Amino acid sequence: MSAPVTDEELIDLAATLVDGCEIGVAGVLFDMDGTLVDSVPAVEESWRMMAEEFGVPAVPATLHGQTAEAVVAAAGVRRDQHEHAIARLVEIESRPGQRLDALPGVRTFVESLPAGCWGVVTSAPRPVAQARYAATGLTPPAFFVTGDDVAASKPDPEPFGQGLCELSRRGVGGVVVAVEDTVAGVRSARRAGCLTVGVAGTCTADELWPHAHLVISSFDQLSPHVSGSGLVLALLQAP
C-alpha cells in the first residue's frame, strides 16, 4: 500500500497545475448535486415542499452538501417527527419523471475517465442519488457513497474517506482528486486526504478558496486523459 499523500504535497500538485503542467492522479471522487448535476433548484424545491408540509421555516441554502437527517434537524422539525420528515424528503427528492442536466463540461470530463477509477460521494440518500444521477444520462460511476452509508455528514472526512476505501478496494491507490461545490464538501474531501478542487456555483470562489487546494469555474477548465496505465490531469485555464 502506498504511503498517504501529505497536504503539503497536494498543495504542490495544485501549484503544478496552475503553472500549466500536467499531473498524474490515481482516481477521482465527485460530489453530485451542484458539482456534476444541475440539481440545486430541484433540491431547494424539495426542501421547500418538506418545510411547508411540516410547518417549519424555509431551509437555508447553507445546508447544501449535508444529509437528509441534517437538513431535517436544521429545519427545526419537531424531534418526534424527524423520522417521518426524513422519509418524506427522500420520497420527494427521488420522485420519478425528473429531468436533470449535467453541468457545463461534466459529460466530456466523465466520459474521458477510465471505468473503475472514479465514484460519487454524495450526502443524498441512495434512492435519491441513483434517481437523480440516472436522470442526467451520465455514464454510471463505479460506486456511490451516499448519506445512507455514513454516520457523519460532510464536513466530516468520513464520506470521502469511504470513497477512498472504495477506490482502494478496486486497486486504485495514490493521489485522488475530489471535486466539490460546497464549503462542507471541500472541507470533507481535504480532511480525508484528497487533492480537493472546488467548483464555483453553489458557493462562490471566494468562499471555496480558503478550504480547497484549487478552485475552478467549471469542468471546462479541467482536462483528463489516459497516458500509459495512468490518468493525467491538466488545467486548461488558470483560475
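Modeller: Helix H2 is followed by Gly55, which has a positive phi, near 65 degrees. Helices (DSSP runs of H or I, at least four residues) and strands (runs of E, at least two) are numbered from the N terminus. The model is predicted, and local features need pLDDT of at least 70, side-chain atom pairs count only at pLDDT 80 or more, while totals for chains, interfaces and linings use all residues. Residues are numbered from 1 along each chain as its sequence is written, and side-chain values use heavy atoms, with hydrogens and water left out.

Buried means under 20% relative accessible area, exposed over 50%, and partly exposed in between, with a 1.4 Å probe and protein chains only.

In the loop between H4 and H5 is Arg95, which counts as partly exposed at 31% relative accessibility. Arg95 and Pro127 are 32 residues apart in sequence, with their C-alpha atoms 9.5 Å apart.

Next come the cores. A nonpolar core is a set of buried Ala, Val, Leu, Ile, Met, Phe, Trp, Tyr and Cys residues joined through side-chain atoms within 4.5 Å. The largest has 53 residues, of which Phe30, Leu36 and Tyr133 touch the most other members. Strand S5 (residues 176-180) gives the most to this core, with 4 residues. Beyond its neighbours within four places in sequence, Tyr133 has contacts that include Met32, Leu36, Val110, Trp118 and Phe144.

The structure holds 5 aromatic pairs. Rings of Phe, Tyr and Trp (its six-membered ring) pair if their centres lie within 6.5 Å; planes under 30 degrees apart count as stacked, over 60 as edge-to-face and the rest as tilted. Phe30 and Phe109 have ring centres 5.9 Å apart and planes at 90 degrees, so this pair is edge-to-face. Phe30 is in strand S2 (residues 27-30) and Phe109 in helix H5 (residues 106-111), 79 residues apart; both are buried. The pair of Phe30 with Phe219 is tilted, at 6.0 Å between centres and 45 degrees between planes. Phe219 sits in the loop between strand S7 (214-216) and strand S8 (222-227), so this pair ties together parts 189 residues apart in sequence. Phe30, Phe109, Trp118 and Phe219 form one aromatic cluster.

Finally, 3 strands form an open antiparallel sheet in the order S1-S9-S8, where strands pair if DSSP finds at least two bridges between them. S1 (23-25) and S8 are at the edges with a single partner strand each, so one side of each has no neighbour in the sheet. The twist averages 35 degrees from one strand to the next; axes are lines fitted to C-alpha atoms, for helices over the stretch in contact, and angles run from 0 to 180 degrees between N-to-C directions. S8 and S9 (residues 230-235) are joined by 6 bridges, and Ser227 stands opposite Gly230 in S9. Helix H1 (residues 7-18) packs on the sheet, touching S1 and S9, and its direction makes about 60 degrees with that of S9.

Conventions:
Contact means heavy atoms within 4.5 Å.
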